Amino acid sequence: MENQEEKGISLLDLFNILLRNWLIIGITTVLVTVVAGIYAFRIATPMYESKSDVIVQVEASTELGFDYTTALRLVPSIAEFMKKDIVLNDVINELDLDMTSNEIRKGLSVTSSSTTFFVYISYESVDPNLAKDIVAQIIESARKIANTDETFSSFENKISKATTDPQPGVYASPNKTLYVIIGFLLGGIIGVGIVLIKELTNNTYRSKSELEDDFDIQVLGVIPSFEVKEEL
């Protein structure tokens, strides 16, 4: 029994095990790939994304010219401002949406760069036209509030109109090809796992050499396998 506990498994043994159980691995791979494909093509809700951007307008505020340091600090502030409730609630009112600001924020992305004055706005929705309308209205609502609300006077006349008119959303997710590839790989891994568990929990001996190796004895004879024919 000591020899049995110390017995390991070589790469050749592993290869032979996988080859002997190729059907289990193949069926598992196909099944998981099909399930992933059905989810990606039939169940997952397609999302459409619309994009636009604005420029944070810089004015000469010093005798030496533009105050770029202040301007670059203003860019991320305006990007954050465009995600605030005061802007999103105005979007909801203007478009008469049956949504909350939090629901809009989940599909909204507003980003900026530390090296440019651009602020990029994108929105994902199941409705391509709604995605376009929300992006356009966010820009208009942000401009209106920045120019009229004294609380945000530092943003007054700093947000340009959309430099690119928002278009109806284009397909964004899910990535169907990626889902199928992941399903294929996951199916293969699960199949190999099933085969290894099946082999590791199998305590039977399949050959004379396995008995001799584990018990260090010589086997004098074996009972051959044979088929029992049923009597007619």
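**View 1. T33 and its contacts from elsewhere in the sequence.** Setting aside neighbours within four places in sequence, T33 touches V180, G183 and F184, where contact means heavy atoms within 4.5 Å. T33 sits in helix α3 (residues 22-43); helices here are DSSP runs of H or I with at least four residues, strands are E runs of at least two, and both are numbered from the N terminus. T33 comes out at 18% relative accessibility, so it counts as buried (buried is under 20% relative accessible area, exposed over 50%, partly exposed in between, with a 1.4 Å probe and protein chains only). This is a predicted model, so to speak: local features need pLDDT of at least 70 and side-chain atom pairs pLDDT 80 or more, while totals for chains, interfaces and linings use all residues. Residues are numbered from 1 along each chain as its sequence is written, and side-chain values use heavy atoms, with hydrogens and water left out.

**View 2. The open four-stranded sheet.** The strand order is β4-β5-β1-β6, with antiparallel pairing (two strands pair if DSSP finds at least two bridges between them). β4 (108-112) and β6 (170-173) are the edge strands with a single partner each, so one side of each has no neighbour in the sheet. On average, neighbouring strands are turned by 35° against each other, direction ignored (axes are lines fitted to C-alpha atoms, for helices over the stretch in contact, and angles run from 0 to 180 degrees between N-to-C directions).

**View 3. Strand β1 and its two partners.** β1 (residues 47-55) runs antiparallel to β6, joined by three bridges. Here Y48 faces Y171 and E49 faces V170. Eight bridges tie β1 to antiparallel β5 (residues 118-125), with S50 opposite Y123.
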